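Here's a quick briefing to read with the model open beside you.

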Amino acid sequence: MMKFKKMLFSLALEFDVAESLSVDEYYGAKGVCVRPDYRGLGIAQEFLRLRRLICKERNMPFTSAWMTAFGTQKAAARDGWKSVFELDLEKFGQQVDAVFKNTPPTFKFMIA
């Protein structure tokens with residue numbers, strides 16, 4: 001659990017959202033996770049669509065999240081999310097002393 005916390009903290013340091021995108025407020029999250037036996041049913045895409053609608057309803061400029069899996073990156077792209085920063089996974093793994101398997105070559109910080 002400590003290694004996971006270190007990874008989350010390190011991700012936050014990789015991309016300064018407020019400074020990079022010149023905003024004071026936005027809705028952020030760590031990503032989207034769907035239980036493996038429920039994947040492929042459109043659940044992640046529905047979560048992302050609802051987050052985007054909540055932002056619109058509350059007059060937030062955007063919502064954001066780190067997309068770290070093939071499925072969430074694809075779901076976000078289908079819902080119109082844009083990648084604003086990509087993190088090379090090999091370099092990040094060395095930084096946090098981790099080896100990532102069955103993941104895309106980059107983690108994407110995406111906004112909608």
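Predicted model: local features only at pLDDT ≥ 70, side-chain atom pairs only at ≥ 80, totals over all residues.

**Nonpolar cores**

- As general background, nonpolar side chains in soluble globular proteins tend to be buried together.
- Here, the largest nonpolar core has 15 residues. Leu11, Trp66, Leu87, Phe92, Phe107 and Phe109 are the ones with the most contacts inside it.
- Which elements give two or more residues to this core? They are α1 (2-14), α5 and β4.
- Take Leu11 as a way in: setting aside neighbours within four places in sequence, Leu11 is in contact with Trp66, Leu87, Phe92 and Phe107.
- There's also a second, separate core of ten residues, and Ala44, Leu48, Met67 and Trp81 are among them.

- You'll find Ser22 in the loop between α2 (17-21) and β1 (27-29).
- Is Ser22 buried or exposed? Ser22 counts as exposed because its relative accessibility is 66%, and the cut-off is over 50%.
- Asn102 is placed in the loop between α5 (89-96) and β4 (106-111).
- With a relative accessible area of 78%, Asn102 is over the 50% cut-off, so it is exposed as well.

Notes
Residues numbered from 1 in each chain as written. Heavy atoms only, no water. Helix = DSSP H or I, 4+ residues; strand = E, 2+ residues; numbered from the N terminus. Buried < 20%, exposed > 50% of the residue type's maximum accessible area, 1.4 Å probe, protein only. Core = buried A, V, L, I, M, F, W, Y, C linked by side-chain atoms within 4.5 Å. Contact = heavy atoms within 4.5 Å.
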